[in-house]
Amino acid sequence: MTPATTPPAESPAQRAATALVVGLIRHGVRDVVLSPGSRSQALALAVAAAARAGAIELHVRVDERVAGFTALGLAAESGLPVPVICTSGTAVANLHPAVLEAHHSGVGIIVLSADRPAELRGIGSNQTTVQPGIFGDLVRADWDVAAPVGAAHEVDDAGDLAELAVRAAAEGPVHVNLAYREPLSGAVELPADLGAGEHPAAGDDERGTTAPGDRRDRIVLDLEPDDATVVIAGTGAGPLATELAEKLGAPLIAEVASESRFGRHVVAAYRDVLRGPHGDAVARAIVVGHPTLSREVPALLQRADVEAIVIRTPGVEAYDPGRRARIVDGVRVHGIPDPAVVRRWVGGWVAMSRAVLESEAPDDPAPDLGAAVSEEPSVRAAFARAEMAILRAPVDRRMLARALWASTWPHDRLVLGASRLIREADRIVPGKRIPVHANRGLAGIDGTISTAAGIALAARRAERHGVVRVLLGDLAAVHDAGALLAPLPEDVSLHVFVGDDGGGTIFDSLEVAATADADDFTRVMRTPVAVDFAALAAAGGWEHRRVTTRAELDDALTARERLLLVHVPLEP
């Protein structure tokens, strides 16, 4: 065995990398995600030393795609920027999906990619490609930093760069490409006073109320309540949309991942209501967040007789399917809604929504508890058979979605993958104020479990000791199977529920399903995969359960396992 070489005492690469890491910590960074590599070793050793000193939490992921989405989840839950470190070459490209989602969701991840120095670029050097600008317009800022040479100013420059990167990440992803020349690492020297810095100031979210006085360029619209307005809440809307609907006396169309689906004005079955006379009566629609889960919402916003107002999310592309909306930064509501108008206008929407949900509710009549203690053996037996029939009922998509929604509480987290299941949930679950997350910036199936792991890690540090539950389809689960191999701390509870309906059955609702050859459709659209989920769980040290009945589902939802993969076979 070849003995390890002793690192040089002085390495300009190490000094600059350490200064950058120290600067990031001092400007509020709490978590760093790292994928290993040679060219990035100075950064890796600096964050490892900082983690040993208790200044940050370090999360190591072998796969850069898993690392990127873990950083995305950490940043989305914590509200703080999260650096993700990688080496040169294809490693950087593997972060592209997470950067795309971060761009379209306005989530602050800081890509720190190591690179070759200028003299090794453009000559076919191993693991060298064009990394500067690799993310194009997706990042809020992009620096290509020359290899340090040991100049006195480089430490200060690295600290300044850290501050700039954190500030730029307030509205989305940034990229810092760092060239390093050998010797690639050396002794790591951290300041004696290094500790947790101040959190970056989280500005007041005034999108639905007023504009800060120091922002003269903001567009704030003055509105009054009326009887023809609706508020639409998409992903990222949050409680603001609920507050705005109440101030305007308007029905609230809140998607399941909006974190606005609660309150007296919420219209859960909004698709059906929009297709009826209530939808025809809409004259003004105000959008908060990014709606993506129905065809009815974009159809409403494209109507010529509807005034569309979109409250933009900082750093995120405004949602304007009709290319005619008025884009603003906030609204101010003047006046108080007339209670009689609210009862008529909002009450009609809510009543119709409630009727739709009740019509689609499972046919589980309330048990006659008196029958359980009846003196007649036949009555008691009939009660037992009815109870057993309910418990033995096969799990379908709607039962699965309803059960996870009902079992999630404010101290928990619910993560919804981009599959047919999130749309089923959006159709049927009632209003409830719980933390819900979904990667709906681009609505890709990749990275769902990794994102959930990042959410769980951030929630743990904030002492939110609930369960993070993930609901996703079989293709999304297989696509992010590498996340199951990543280590998680002992006090993290992550439960992944895989609704396995044999591939992408969401395509069954598209026109192509009726026109394509059946075998071709199955092969190239639905793309079923044969996966042993029990073996997959065992490979990562996860517990596994196979659930087919309501009783088994209820047991899985109350399970005490720390890491649990629940396989739920469903009818296509």
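The following questions and answers go through parts of a predicted model.

Trainee: What is the bridge partner of Ile85 in E4?
Mentor: Strand E3 covers residues 82-86 and strand E4 covers residues 109-115. The two pair in the parallel sense over five bridges. The partner of Ile85 in E4 is Leu112.

Trainee: Which residues of helix H5 are buried?
Mentor: Helix H5 runs over residues 96-105. What covers its buried residues includes helix H3 (64-78) and E4. The buried residues are Ala98, Val99, Glu101, Ala102, His103 and His104.

Trainee: Which residue with a positive phi follows H5?
Mentor: Helix H5 covers residues 96-105. The phi of the residue that follows is near 70°. That residue is Gly106.

Trainee: Is Glu64 buried or exposed?
Mentor: Glu64 is found in helix H3. Leaving aside neighbours within four places in sequence, its contacts include Ser35, Pro36 and Cys86. A residue counts as buried under 20% relative accessible area. Glu64 has 11% relative accessibility, so it counts as buried.

Trainee: What kind of aromatic pair do the rings of Trp345 and Trp349 form?
Mentor: The structure holds one aromatic pair. The ring centres of Trp345 and Trp349 are 5.7 Å apart and the planes stand at 75°. Planes over 60 degrees apart count as edge-to-face. The pair of Trp345 and Trp349 is therefore edge-to-face.

Trainee: Why are Trp345 and Trp349 separated by about one helical turn?
Mentor: Trp345 counts as buried at 7% relative accessibility, and Trp349 counts as buried at 0%. Both residues belong to helix H11 (residues 339-359). They are about one helical turn apart because their spacing in the helix is four residues.

Trainee: Which residue has its charged end over the ring of Trp409?
Mentor: A charge over a ring has to lie within 6 Å of the ring centre. Here the charged end sits 3.8 Å from the centre of the Trp409 ring. The residue is Lys432.

Trainee: Which side chain makes a polar contact of 3.0 Å with the side chain of Arg413?
Mentor: Arg413 is found in strand E14 (residues 413-416) and is buried, with a relative accessible area of 8%. A polar atom of its side chain lies 3.3 Å from the backbone oxygen of Pro410. The side-chain partner at 3.0 Å is Glu77.

Trainee: What is the length of the polar contact that joins the side chains of His567 and Asp500?
Mentor: His567 is placed in strand E19 (residues 563-569) and counts as buried at 11% relative accessibility. Leaving aside neighbours within four places in sequence, its contacts include Val498, Asp500 and Phe533. The polar contact with Asp500 is 2.8 Å.

Trainee: Which residues does Gly315 touch, not counting those up to four places away in sequence?
Mentor: Gly315 lies in the loop between strand E11 (307-311) and strand E12 (326-328). It is partly exposed, with a relative accessible area of 26%. The residues it touches are His103, Arg140 and Glu171.

Notes: Residues numbered from 1 in each chain as written. Predicted model: local features only at pLDDT ≥ 70, side-chain atom pairs only at ≥ 80, totals over all residues. Heavy atoms only, no water. Phe/Tyr/Trp six-rings, centres within 6.5 Å; stacked < 30°, edge-to-face > 60°. Buried < 20%, exposed > 50% of the residue type's maximum accessible area, 1.4 Å probe, protein only. Lys NZ or Arg CZ within 6 Å of the ring centre and 35° of its normal. Contact = heavy atoms within 4.5 Å. Pairing = 2+ DSSP bridges. Polar contact = N/O pair within 3.5 Å; in protein donor to acceptor, adjacent residues only side chain to side chain.
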